[in-house]
Amino acid sequence: MRKNLLLITIIAAVVFTSCSKDPEVLDVPSVNDYSPYVVGKYITYNLDSTVFINFGTKDTVIKYQVKHQVDAQITDNLGRPAYRIIRYIRKTAANPWVPDNTFMAIPTEFAMEFVENNMRYLKLKGPVKDGFSWKGNSYIDTYSLNSNVKYLDDWDYTYDSVDVKKTIGSFTLDSTLHVAQRDEVIGNLSDPNSYSEINFGSENYAKGLGLIYRNFLHVEYQPARPGVGAYRVGYGVKMTMIDHN
């Protein structure tokens, strides 16, 4: 009788343990799945750069090609393993590549930090599942009096499409995720007599590749005042993957 009771207790414990495991947690992909870094790896993008000219009275889009290539494994200022990424740029495929910027990526078990123009972004963070949100610009000085990037303050990065098949350019990718970063309008865009602002950020990553698409826009409109005409300041960046190794 005691042996039967012991056997029943063991079976019940095994069944309870198995049922208590959340299958959704077991199936959650790793941050590193969508941000792999290997020395020599590169991704090439079409870059559409939006700028404002003629004293902010006109916007124009300048087209380039850029290549992000993992140059070397290094350590960051905290001693953590990191990767140096060199950006190469050219006007068209007929022109030679010219290095013009250097970035740093710090992949960890639960996050991926990216340093660009001395600003540290928390691009990805675990758990990688729909609806998870985090403060992606929390390492950036958006609050001091001297900050010129206050528009980046308090952005909520959110996964809203994880492990989704997506076509980017000529590539059909089996597993991608989308990070919605910001979609904000301040003021009335149709009122030429009042201040308005647009802030938008969105990125897509593919499993085994990394960043495949980026769309960013910041625009501030200043209405006319005595002696000064209306004008806009800001910039936009749209990157679409066209090649990789």
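Trainee: Over which ring does the charged end of Lys67 sit, and how many Å from its centre?

Mentor: Happy to! This is a predicted model, where local features need pLDDT of at least 70 and side-chain atom pairs count only at pLDDT 80 or more, while totals for chains, interfaces and linings use all residues. Numbering runs from 1 along each chain as its sequence is written, and side-chain values use heavy atoms, leaving out hydrogens and water.

The ring under Lys67 is that of Tyr88, with the charged end 5.5 Å from the ring centre. Here a charge sits over a ring if NZ of Lys or CZ of Arg is within 6 Å of the ring centre and within 35 degrees of the ring normal. Lys91 does likewise over the ring of Tyr64, at 4.9 Å from its centre.

Next, rings with rings. Rings of Phe, Tyr and Trp (its six-membered ring) pair if their centres lie within 6.5 Å; planes under 30 degrees apart are stacked, over 60 edge-to-face, and the rest tilted. That rule gives 8 aromatic pairs. One of them is stacked, Trp155 with Phe216, at 6.0 Å centre to centre and 25° between the planes. Trp155 is in the loop between strand E7 (133-135) and strand E8 (156-168) and Phe216 is in strand E11, so this pair ties together parts 61 residues apart in sequence. Strands (E, at least two residues), like helices (H or I, at least four), are DSSP runs numbered from the N terminus. Trp155 is buried at 1% relative accessibility, and Phe216 is buried at 6%; buried means under 20% relative accessible area, exposed over 50%, and partly exposed in between (1.4 Å probe, protein chains only). Elsewhere, ring pairs join Phe132, Trp134, Tyr157 and Tyr159 into a cluster.

On a 1 Å grid over the protein atoms alone, a cavity is a set of points where a 1.4 Å probe fits but cannot get out, while a pocket is an open set with protein on both sides within 12 Å along at least five of seven lines; lining residues have an atom within 4 Å of a point. Points are joined across faces, edges and corners, and a volume is the space filled by probe spheres set on them. The largest cavity has a volume of about 70 Å³, and its lining includes Trp155, Tyr157 and Phe216. Strands E6 (119-125) and E11 (210-222) each give two or more residues to that lining. The largest pocket has a volume of about 550 Å³. Of its 31 lining residues, those closest to the centre are His68, Phe103, Phe114, Glu116 and Leu211.
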